[in-house]
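User: I am new to this structure and would like to learn how to read its features step by step. May we begin with a single residue and then move to larger elements?

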Amino acid sequence: DDWPGGLDEQEYSTLNLLAQCRQGTLGFNQVSCQDCHHKEWYASSCGNRHCPNCLGPRQAEWSSKLCERLPDCPHFHVVFTVPEEIHEFFELNYRIAADILFAAAAEILKLFQKNNWKFESGFLAVLHTWGSALNWHPHLHVLVSSGGRDCSTGKWRQARPNYLFPVRNMSKVFRAVFLRRLEALEASREVRWPEALDTLEARRDWRVRLAGRNWNIFSRATLGNTRAVVRYLARYTSRIAMSNQRIKSIDEQERTITFETKDYKNDGRKRDVTLSGKAFIQRFSRHLVPKRYRRLRSFGLLVGARHRYREIEGAPQTSINEKAPRSLDRACPNCESKQLRSRRLGNRAGFELPALAILLQLAIGEKLASYSLGPPDSG
């Protein structure tokens, strides 16, 4: 009854799926012991890529697989950020603006690698759109290998491990490339321009102002600690904007949510922020990724086969190869046997009963959220 409104069908569907995660309405998993035939039921998780509740194992798996793909050489962590004047355009045109950001960053890195290092490398880019306080802050994290295929000899060559490229020069070229791609959108009918940019003259003045702004690029060598950067990126590939650990309290009477943020203007000190439930849902929904959109993209030598770079003469034949922590085998609480078998009952589309409950709720206007479907054995 306090729904903020203004959400499209996909956003509502995603939030509804997250709300039903491990509540029983999405089905159940049965674990049975093969020795004593003891059975236990567990509510199914939603498996949605935005959910902070069920993607912990997938996070570790992604980190492990990425480390297996990265060559055993020094790397750099680069962050591309767009000015605040582009934020509204970015929010109205998520796919288009994000594609421009990916393409501009890739073009810059390939250009500087060719001109400064004289070789082709590989890099991975991850898109983030949020700040610590759920504010709109689109930026791109890129992990760049400092070794690659020499343009003249075709052999593997290693660059300096502690210095990438001049950041100021990169920022200027990045600004020019991004604005050039923005200007090319004038002929597109798919673009939704903000109200302040509804005329050609307004958009031209907007690009002129952006050309006079400083475009920030952050660059730092991982200094042998690439695994830590991979784990940092992994925390944001398996959920969106907010984790359960950051939520401090929920006041159901006042309808407020208090969560922890970092104040980067005050040396990154932690502080608590309290929002109404309506404001929290609106802020969180802004960062939902459009359906079938890829926030993670590989470029250069990381495209294609997993160990493609090893075919280059002189290339390292090993990878960073961080193994995900193995989960301990579960044992039967009755006989401590580890011969367990699991099966799923129901699917993520839900059982017929919750679907009927939703129809009844729409028909008679009553809340039926308190009615939950128990395990099959409970009747």
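User: In which loop is Arg255 found?

Analyst: This is a predicted model. A residue is placed by the elements on either side of it. Arg255 sits in the loop that joins strand S10 (247-251) to strand S11 (256-263). Its phi angle is near 60°, which is a positive value in a residue other than glycine.

User: Is Arg255 buried or exposed, or does it fall in between?

Analyst: The class follows from relative accessible area: under 20% is buried, over 50% is exposed, and the range in between is partly exposed. Arg255 has a relative accessible area of 39%, so it is partly exposed.

User: Where is Lys118 found, and what is its phi?

Analyst: Lys118 belongs to the loop between H4 and strand S4 (119-120). Phi of Lys118 is near 60°, again a positive value in a residue other than glycine. Because its relative accessibility is 47%, Lys118 counts as partly exposed.

User: How many helices and strands does the protein chain have, and what share of its residues is buried?

Analyst: An overview begins with the inventory of elements. The protein chain holds 9 helices and 14 strands. Of its 379 residues, 42% count as buried. Among contacts in the protein chain with a separation of 6 or more, 73% are between residues 24 or more positions apart.

User: Which residues make the contact between H4 and H5?

Analyst: On the H4 side, the contact is made by Ile100, Leu101, Ala103, Ala104, Ala105, Glu107, Ile108, Leu109, Leu111 and Phe112. H5 contributes Asn169, Met170, Val173, Phe174, Val177, Phe178, Arg180, Arg181 and Leu182. By class, the residues of this contact comprise 15 nonpolar, 1 polar and 3 charged.

User: What span does H5 reach, and which of its residues are buried?

Analyst: The span of a helix can be set against the value expected from its number of residues. H5 has 17 residues and reaches 24 Å from its first C-alpha to its last, close to the 24 Å expected at 1.5 Å a residue. Its buried residues are Met170, Ser171, Phe174, Val177, Phe178, Leu179 and Leu182. The elements covering them include strand S3 (75-81), helix H3 (87-92), H4, helix H6 (200-211) and strand S9 (217-221).

User: What does Phe174 contact beyond its neighbours in sequence?

Analyst: Phe174 is part of helix H5. It counts as buried because its relative accessibility is 0%. Leaving aside neighbours within four places in sequence, Phe174 is in contact with Phe80, Thr81, Leu101, Ala104, Ala105, Ile108, Trp215 and Ile217. Phe174 and Ile217 are 43 residues apart in sequence, and their C-alpha atoms are 8.9 Å apart in space.

User: How does the pair H1 and H8 cross?

Analyst: The axes of helix H1 (residues 9-19) and helix H8 (residues 277-285) come within 11 Å and cross at roughly 115°. These helices are therefore roughly perpendicular to each other. The crossing of H1 with H8 is right-handed. Glu11, Leu15 and Leu18 of H1 meet Ile281, Phe284 and Ser285 of H8. This contact divides into 4 nonpolar, 1 polar and 1 charged residues.

User: Is Leu18 buried or exposed, and which residues does it touch?

Analyst: Leu18, found in helix H1, has a relative accessible area of 16% and is therefore buried. Not counting residues up to four places away in sequence, Leu18 touches Cys46, Asn48, His50, Cys51, Pro52 and Phe284. The C-alpha atoms of Leu18 and Cys54, 36 residues apart along the chain, are separated by 9.6 Å.

User: How far apart are Gln59 and Ser238, in sequence and in space?

Analyst: Gln59 lies in helix H2 (residues 56-69). Gln59 and Ser238 are 179 residues apart in sequence and 5.6 Å apart in space, C-alpha to C-alpha. Beyond its neighbours within four places in sequence, Gln59 is in contact with Ala234, Arg235, Ser238 and Arg239. Gln59 counts as partly exposed because its relative accessibility is 22%.

Note on methods: Residues numbered from 1 in each chain as written. Predicted model: local features only at pLDDT ≥ 70, side-chain atom pairs only at ≥ 80, totals over all residues. Heavy atoms only, no water. Contact = heavy atoms within 4.5 Å. Helix = DSSP H or I, 4+ residues; strand = E, 2+ residues; numbered from the N terminus. Nonpolar A, V, L, I, M, F, W, Y, C, P; charged D, E, K, R; others polar. Axes fitted to C-alpha atoms, helices over the stretch in contact; angles between N-to-C directions. Parallel < 35°, antiparallel > 145°, perpendicular 65-115°, else oblique. Left-handed = near helix turned anticlockwise from the far one by under 90°. Expected span 1.5 Å × (residues − 1). Buried < 20%, exposed > 50% of the residue type's maximum accessible area, 1.4 Å probe, protein only.
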